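Have it open beside you as you read.

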Protein chains: 2
Amino acid sequence: MSPQRLQSTALHTDRYELTMLDAALRDGTAERHCVFELFARRLSAGRRFGVVAGTGRLLSLIRDFRFGDDELRYLRDNRIVDASTIDYLAGYRFTGSVEGYREGELYFPGSPILTVEGTFAEAVILETLALSVLNHDSAVATAAARMSIAAGDRPLAEMGSRRAGERSAVAAARAAYIAGFGATSNLEAGRTWGIPTMGTAAHSWTLLHDTEEEAFRAQIAALGAGTTLLIDTYDIQEGVATAVRVAGHELGGVRIDSGDLPLVAAAVRAQLDELGATATRITVTSDLDEFAIAALAAAPVDAYGVGTSVVTGSGTPTAGMVYKLVARQDAVGSWISVAKASQDKGSKGGRKAAFRTLDAGTATSELIAVSDGYEQIATAAQYPDSRDLRVPLIVAGEIDTAFEGPSGVSAARAHHARVREELPVRGLALSRSDPAIPTVFVDADPVRSQPTIDS
Amino acid sequence: MSPQRLQSTALHTDRYELTMLDAALRDGTAERHCVFELFARRLSAGRRFGVVAGTGRLLSLIRDFRFGDDELRYLRDNRIVDASTIDYLAGYRFTGSVEGYREGELYFPGSPILTVEGTFAEAVILETLALSVLNHDSAVATAAARMSIAAGDRPLAEMGSRRAGERSAVAAARAAYIAGFGATSNLEAGRTWGIPTMGTAAHSWTLLHDTEEEAFRAQIAALGAGTTLLIDTYDIQEGVATAVRVAGHELGGVRIDSGDLPLVAAAVRAQLDELGATATRITVTSDLDEFAIAALAAAPVDAYGVGTSVVTGSGTPTAGMVYKLVARQDAVGSWISVAKASQDKGSKGGRKAAFRTLDAGTATSELIAVSDGYEQIATAAQYPDSRDLRVPLIVAGEIDTAFEGPSGVSAARAHHARVREELPVRGLALSRSDPAIPTVFVDADPVRSQPTIDS
């Protein structure tokens, strides 16, 4: 259904993953069962929460993570791996399991957003693809959620495709929609993900015509008086006067794409009202971000169009998530928690479960239960007044299709709206601060029965 | 050849472009010949030059900009355009011309990076695709060029795929390579664009094994002693000692991915030398950007690996280029220069030619000759000691294939290296300032024979 489904995604991979695979097939460690965890060490730029996005896309991309003749020929011709690794890759299909946060869920430092379990061979080579998708889409969704909070009940449209790589633009439209935007300008996002699309005219439309009036008349002839006219190509006051003269009081809306927006919006509103166009809506679209939107709360603005800042994560274009080995089997099949100790980049070994503790419906902590013993994983029943944050996404290689495609997007959008309601009030503020709730690690194994390699 | 060639790119389009097309087909303006110009109003973040990248990609994407059954069905079912527009799009193929800066060329504020000429109908709908590609790729290339300047003769590898959308990551690897990087970790970039790939092992490789020594031995068994060992999973000093013990003096390199790099690199170099591994190279890879690279100039580092900062444009993830109508025919076929007058977002009407003036091989200005009369366009012969910056990319719908594919990438990389030599010394500095050379607009038509709509 999605055009991306036509192609192999297997080379969206860093070379070192295949180099490690090559070496692991030689020394016999390739078949050791492993648990990799995808998480963010911190929230960027003093944000109070992050929003998980990309999960549904990732699942479809994992489905297409197969090495066909073209991929294998490239690897062979360029001697990236040896012949026995080529043979392994020719039959590659992910047969492990993936568990993770629902798409649209909030996350905090250390949240185990995705857990990938399988042999080292099959799990290690998903690192780059998983991080690319979740880092990009979550960065956009997090920025979009802040804008959605700032906009309150006023509708928000994403129109930043031109400021993002052409395919990331489609993913960005999807992420913004999950996090509260209502529409996108991007038609591919409309087709692939079922997102409502919007847009009427650019400045070139006015410039194409000999006068602004001719341009407005032609647009109304095609789209009806309910359309939105762009009024700032020449002089805004004249633009408004012409728009109402041409369209009458039925004029659906005007769009302002320049100038000092609070002042301009107030002047345009006053002029429209004076001309009797009291129902005509004002959309503003010039270099908005969450702070500019918040600053327009008292201005007579009916809708926002956001471009650059949402598709680039409003100063944080990537979420900074990492993919780390946290547990593995040893030579005799016993499970061991592992973690690196690198300065400022240490990780926390062990398999995790995650729960959001709630007090009267308001989130109080991100509770992460760490299990050294692989089999003893915590369940929600152990933590009353909490919500289990993770769901199975792939079970023994079978992808849960409910998370894919447009229906997965709708579900993620609904889930996000629901869980954002749980944020304490301080979590809604735009200023830099600590995460809205603390992350609390607890030991899920009272009796530690397994050795730990922790530093 | 590129997997992207399998699919239509026609819906990488903002809805308003098709809405305008719809209205233009009704009122007869769709067939007016137009000149659209793609340019940047300013350089972001006080940079001293920009680097054009994405041109070769864009040409291939324009080749695939065709509306097939799937695309038309989506537009019809969702009532994006009416039936006669569907008919027009079914036969759409760009038959106009595109002229522009060579890929790899430097640009400055106002540089006419791309000029698209054709009917309004065929040219207006390329806006989003052209901007997506050039804004993203040029932002990465500009950051990469600054890092390449800071690195001097030391090799630079791009390894940021995990911090960019999965397909933008491939484009980013390509842009970085054009701007001076020598390799990428991204295998798809290797396959699609012929870029050298690199990479050996991650921390998970060490953690997979019971000891660091076992991990190192296994890596050397697979890749030889000339490989690069990652030495900071546990304790760096022990890591270095183990690496040399296992690999001997033949050890190719060590990689440091954490810590205070100047101090750590010096300590590792001293330790390696003391152990006799004087030829072992040191690669550093932790959160580098152009400033961190410059700060390592005096440290004993042999190579840099750059991730997040290069793929996200080092603080400027998009180049901020716009696509504006600058000239068009009127109802009787006369050419008119057009420009919008919006506050802080005005454009400069008229068709442009562009030359870099030189003094003894050093650039002195970006000379932009503006022509109101469409036919009278300036040529290099009029401006001695200057270099014509533009080449034909598409002529009457025929794409110049020399700019596409891996050979186009090689040519762009060579061109970039050449033209960067023309920068005055002040253009090489990393600090925020004015552009390295001024942009000078001159009138290419001494006698203005055409009317102008300029504000």
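1. Start with a salt bridge inside chain A: the side chains of Arg73(A) and Asp70(A) meet at 3.0 Å, N to O. By salt bridge I mean a side-chain nitrogen of Lys or Arg within 4 Å of a carboxyl oxygen of Asp or Glu. The two residues, Arg73(A) and Asp70(A), sit three apart in helix α3 (residues 69-77) of chain A, so about one helical turn separates them. Over all chains, the count by this rule is 54 salt bridges.

2. A word on ground rules. This is a predicted model, where local features need pLDDT of at least 70 and side-chain atom pairs count only at pLDDT 80 or more, while totals for chains, interfaces and linings use all residues. Residues are numbered from 1 along each chain as its sequence is written, chains are lettered from A and ligands numbered from 1 in the order in which they are written, and side-chain values use heavy atoms, with hydrogens and water left out.

3. On naming, helices (H or I, at least four residues) and strands (E, at least two) are DSSP runs, numbered from the N terminus. Two strands pair if DSSP finds at least two bridges between them.

4. Now the interface. How many residues does each chain bring to the contact? Chain A gives 100 residues and chain B gives 100 residues, with contact meaning heavy atoms within 4.5 Å. The size of an interface is often given as the accessible area lost when the parts come together. Here chains B and A bury about 8,500 Å² between them, and 55% of that is on carbon and sulfur atoms. Buried area is the accessible area (1.4 Å probe) that two parts lose on being put together, summed over both.

5. What holds charges across that boundary? Between chain B and chain A there are 14 salt bridges. One salt bridge joins the side chains of Arg162(A) and Asp14(B), at 2.9 Å from N to O.

6. On the side of chain B that touches chain A, helix α1 (residues 15-27) of chain B supplies the largest share, ten residues. By class, that side of chain B has 40 nonpolar, 34 polar and 26 charged residues. Ala, Val, Leu, Ile, Met, Phe, Trp, Tyr, Cys and Pro count as nonpolar, Asp, Glu, Lys and Arg as charged, and the others, Gly among them, as polar.

7. Chain A has an open sheet of four strands, ordered β16-β14-β15-β19, with mixed pairing. Its edge strands, β16 (386-388) and β19 (439-443) of chain A, each pair on one side only. Within this chain, β14 (residues 351-359) and β15 (residues 362-371) run antiparallel over nine bridges, and Lys352(A) stands opposite Val370(A) in β15(A).

8. Chain B also has strands worth a look. Strand β3 (residues 97-101) of chain B pairs antiparallel with β5 (residues 114-119) of chain B over four bridges, with Ser97(B) opposite Glu117(B) in β5(B). β3(B) also pairs antiparallel with β17 (residues 390-395) of chain B over four bridges, where Val98(B) has Ile394(B) as its bridge partner.
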